[in-house]
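User: I have a protein model open and would like to go through its structure with you. Could you help me read it?

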Amino acid sequence: MTQTAAAPTDFSVFNLDERLQRAINDSGYTVPTPIQAQAIPVVLTGQDVMGSAQTGTGKTASFTLPILQKLLPLASSSTSPARHPVRALVLCPTRELAVQVADNAVKYAKHSPIRTAVVFGGMDFKSQTPALRAGVEFLVATPGRLLDHLEQGNVSLAQVQYLVLDEADRMLDMGFLPDLQRILNLLPKSRQTLLFSATFSPEIRKLAQSYQNNPVTIETAQRNATSNNVTQTAYQVTADDKRRSLVHLIRSENVEQAIIFVNKKLEARSLTRFLQQEKVDARALHGDQTQNERLATLEDFKKGQVKIMVATDVAARGLDISDMPCVINYDLPFSAEDYVHRIGRTGRAGATGRAMALVTERDNKLLEAIIKLIKKPIEICPLELPTVGLRRTTSTEHSERPPRPERSERPRHTERAAPHRARTENDFEMDRLRSKIRLSNDAFFDKPYTPSTNTTTADSSEASLLDKKLEKKTVPALFVRKK
C-alpha cells in the first residue's frame, strides 16, 4: 500500500496532546514537512510504515511525535522503575544519529513525565546503567550496546509496543542484520514497526517488509532523490594535485564552513594534518576516536568554532546542523546511496546549499553510478590551480616530514667481545696447561725436533715411541715432554 504526497498543513490538524503541541511551538515549528504531514496520521492509526524522504525533511519528528502521543496515556510520575518500562525502541546505525534522535525526543516530551534515554558504544558502559535501571519509556540505542545491556540484565524489552529502525537501509545491511535479529527475537510479536530512511534499494525493501505487517509506504519525493536546493558540481582533478585542488577550492570559493567526506579513517587524519599545515582550520571526525572526542568536535563545529570538519561516513547520516552551507566529497563514496546521505547534510529545512566533489579518472565509474541513482546530471568543471602559493604534494603523501639530518660516521670496532658463556672444566684444564708452557725467544724452539744423543735410555725409548706415533714427522720441541 502506497500513499501519495499531500500538501503540508498546520500541526494543529493532528490533534496532538497540548503538552506536545506546546513543545512544538517552543521549537519554532509551525508547518509540518511533507513526510510529517503524511506519516504522523498513519502512525497514529497504529499501522506499520515504510517512509522514504529526502534528508533534512524532518523524518525524526514523523515517528517521534505520534509515538509520544500514544505513550502519554500510560505516562506516570511515579519514581518506581516498574511504572516506566521500555515501550518504544528506536534503533540507529551510528552514535551521532542516536544522540540526535534522543535529543529530539527529550525536546518534544519535556512537558510530560515520559522518560527518554540513549545508549551507544564508545562511552563508559557503567555510566549508562543507572538511567536504564531507573526506568525509561522511550529508548534510543545502537544495536551492539543495547545487546550488552540486555546481557547484563539492565533493561527488558518485554513490553515494547513500538519499534523504529531509523536509517533502515543501513540497519538492514549485512553488518547489522545478526544483531538486529537477536533484538527482534526479544520483542513482543504484537507491535508497530516503523522504517524510515532517505534511500531504499529493491533488495532492502523486500527484506524490510518481512519485519512488517502490511506496511504503508510513504514517499514524498522521487526515490533516492537529492534536494533541489543543493547545487551539485564536480571538479576534474589529477590524483597528484588532489590535495592542492582542495585547498584552492576552499579559498577560491570562499568556503566559510564545510564537511569534507573521505572514505578512510587514515585519510581523515592525514588530510586534516595537511589542511592544518596549509593554515586551514580543520578537525577530523572518524570511528577511531573516542565518543567524547567525536562529541566535542561536533559541538565545536556546530558552534562555528571549527571551519572545516574532515569526516568519514559516520557523519553522513542523521547529522543535523542548521545552516550548513557546503559539503565537499574529497573521495566519492563506493555506494551511490551514501552520496545522497552525504550531500543531505546541506540544504536542510528549505535552505540552499552547495555540494562539490573532486573527481579523478579512476572515479568516473563511481560518478556514473551516482548520476544514475539520483537521475540528475552533475556539472563537471575543470579546476585550474595557481602556479604559486600552494605546496605540491602527491596522492600518496600523508604528511610533510623534515629531511633526516646526516649522521656522523660512527667509529667501527674491529674487535668485539666474545659472547659470555659459563666456563667448563675443560676451560680450567686448558688454563693449567697454558700456565706450564712458557714460550721463549730462544732460537732452539724454532728448530725442528731431532733426538738428542745425550738422552738416557728411558728418554730415548720414550722419544722413539713418540716418533712412531707421529709417523716420524718432525714436530716442534715444544710438544716433547721433558723431565
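User: Which residues does Thr233 touch, not counting residues up to four places away in sequence?
Analyst: Thr233 touches Ala355, Met356, Ala357, Ile378, Glu379 and Cys381, where contact means heavy atoms within 4.5 Å. This is a predicted model, in which local features need pLDDT of at least 70 and side-chain atom pairs count only at pLDDT 80 or more, while totals for chains, interfaces and linings use all residues. Residues are numbered from 1 along each chain as its sequence is written, and side-chain values use heavy atoms, with hydrogens and water left out.

User: Where is Thr233, and is it buried or exposed?
Analyst: Thr233 is in strand S9. Helices (H or I, at least four residues) and strands (E, at least two) are DSSP runs, numbered from the N terminus. Thr233 has 13% relative accessibility and therefore counts as buried; buried means under 20% relative accessible area, exposed over 50%, and partly exposed in between, with a 1.4 Å probe and protein chains only.

User: Which sheet has S9 in it, and in what order do the strands come?
Analyst: S9 belongs to an open sheet of seven strands, ordered S11-S12-S10-S13-S14-S9-S15, with parallel pairing. The edge strands, each pairing on one side only, are S11 (282-285) and S15 (379-382). From one strand to the next, the twist averages 25°. Two strands pair if DSSP finds at least two bridges between them.

User: How many bridges are there between S10 and S12?
Analyst: Four bridges pair S10 (residues 258-261) with S12 (residues 308-311) in the parallel sense. Ala258 stands opposite Ile308 in S12.

User: Which strands does helix H10 lie across?
Analyst: H10 (residues 242-252) lies across S9, S10, S12, S13 and S14, and runs at about 160° to S14. Helix H11 (residues 265-277) lies across S10, S11 and S12, at about 175° to S11. Axes are lines fitted to C-alpha atoms, for helices over the stretch in contact, and angles run from 0 to 180 degrees between N-to-C directions.

User: Changing topic: at what angle do H2 and H3 pack?
Analyst: H2 (residues 34-44) and H3 (residues 59-71) pack at about 30°, with their axes 9 Å apart. They are therefore roughly parallel to each other; angles under 35 degrees count as roughly parallel, over 145 as roughly antiparallel, 65 to 115 as roughly perpendicular and the rest as oblique.

User: Which residues of H2 meet H3?
Analyst: Ile35, Gln36, Ala39, Ile40, Val43 and Leu44 in H2 meet residues of H3 including Ala61, Leu65 and Pro66. By class, this contact of H2 with H3 has eight nonpolar, three polar and two charged residues. Ala, Val, Leu, Ile, Met, Phe, Trp, Tyr, Cys and Pro count as nonpolar, Asp, Glu, Lys and Arg as charged, and the others, Gly among them, as polar.

User: What about H6: which residues are buried there?
Analyst: In H6 (residues 143-151), Pro143, Arg145, Leu146, Leu147, His149 and Leu150 are buried. Those buried residues pack against S3, S4, H5, S5, H7 and H8. Gly153, which follows H6, has a positive phi near 75°.

User: Which way do the residues of S8 point?
Analyst: Val216 and Ile218 point one way from S8 (residues 216-219), Thr217 and Glu219 point the other way, and all are buried. S8 runs parallel to S2 (residues 49-52), joined by four bridges, and Val49 stands opposite Val216.

User: Finally, how many helices and strands does the chain have?
Analyst: The chain has 16 helices and 15 strands. Of its 483 residues, 47% count as buried.
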